[in-house]
Amino acid sequence: MTINCEKCQLPLQLSDGGFICSGCGAHYQAQPICPDCHQPLERLSACGAVDYFCHHGHGLISKKRVDFQPQKASGGSESL
């Protein structure tokens, strides 16, 4: 699945925990998404381990299963 930039519609690439546009250079924060219900996840960190929790009934999700999508640009969720 290709995710495109909201500004110029060119493909985004996952880079350093976020997304960057290959065309205009816009940066978007990466939002962790549950692979089962496609809802946002809460990030949990303990003793150097990172996991994610789904509040929609799927419980603890391993970081290996998490999908990431860019956060929608709406008044500051986009960082340049």
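A residue counts as buried when its relative accessible area is under 20%, as exposed when that area is over 50%, and as partly exposed in between. With that in hand, let's work through this predicted model.

**Exercise 1. Describe the chain as a whole.**

Start with the secondary structure: the chain has seven strands and zero helices. Along the sequence, the pattern is therefore β-β-β-β-β-β-β. Next, look at burial: 28% of the 80 residues count as buried.

**Exercise 2. Find the aromatic pair and classify its geometry.**

The structure holds one aromatic pair. Its members are Tyr 52 and Phe 68, with 6.3 Å from centre to centre and 85° between the planes. Planes over 60 degrees apart count as edge-to-face, so this pair, at 85°, is edge-to-face. Now place the partners: Tyr 52 sits in strand β5 (residues 49–54) and Phe 68 in strand β7 (residues 67–70), 16 residues apart.

**Exercise 3. Which residues does Gln 71 meet across the chain?**

Begin by locating Gln 71, which lies in the segment after β7. Its relative accessible area is 22%, so Gln 71 is partly exposed. Then compare C-alpha positions: Gln 71 and Gln 29 are 42 residues apart along the chain, yet their C-alpha atoms are separated by 5.7 Å. Last, check the side chains: those of Gln 71 and Gln 31 are joined by a polar contact of 2.9 Å.

Definitions and conventions:
Residues numbered from 1 in each chain as written. Predicted model: local features only at pLDDT ≥ 70, side-chain atom pairs only at ≥ 80, totals over all residues. Heavy atoms only, no water. Phe/Tyr/Trp six-rings, centres within 6.5 Å; stacked < 30°, edge-to-face > 60°. Helix = DSSP H or I, 4+ residues; strand = E, 2+ residues; numbered from the N terminus. Buried < 20%, exposed > 50% of the residue type's maximum accessible area, 1.4 Å probe, protein only. Polar contact = N/O pair within 3.5 Å; in protein donor to acceptor, adjacent residues only side chain to side chain.
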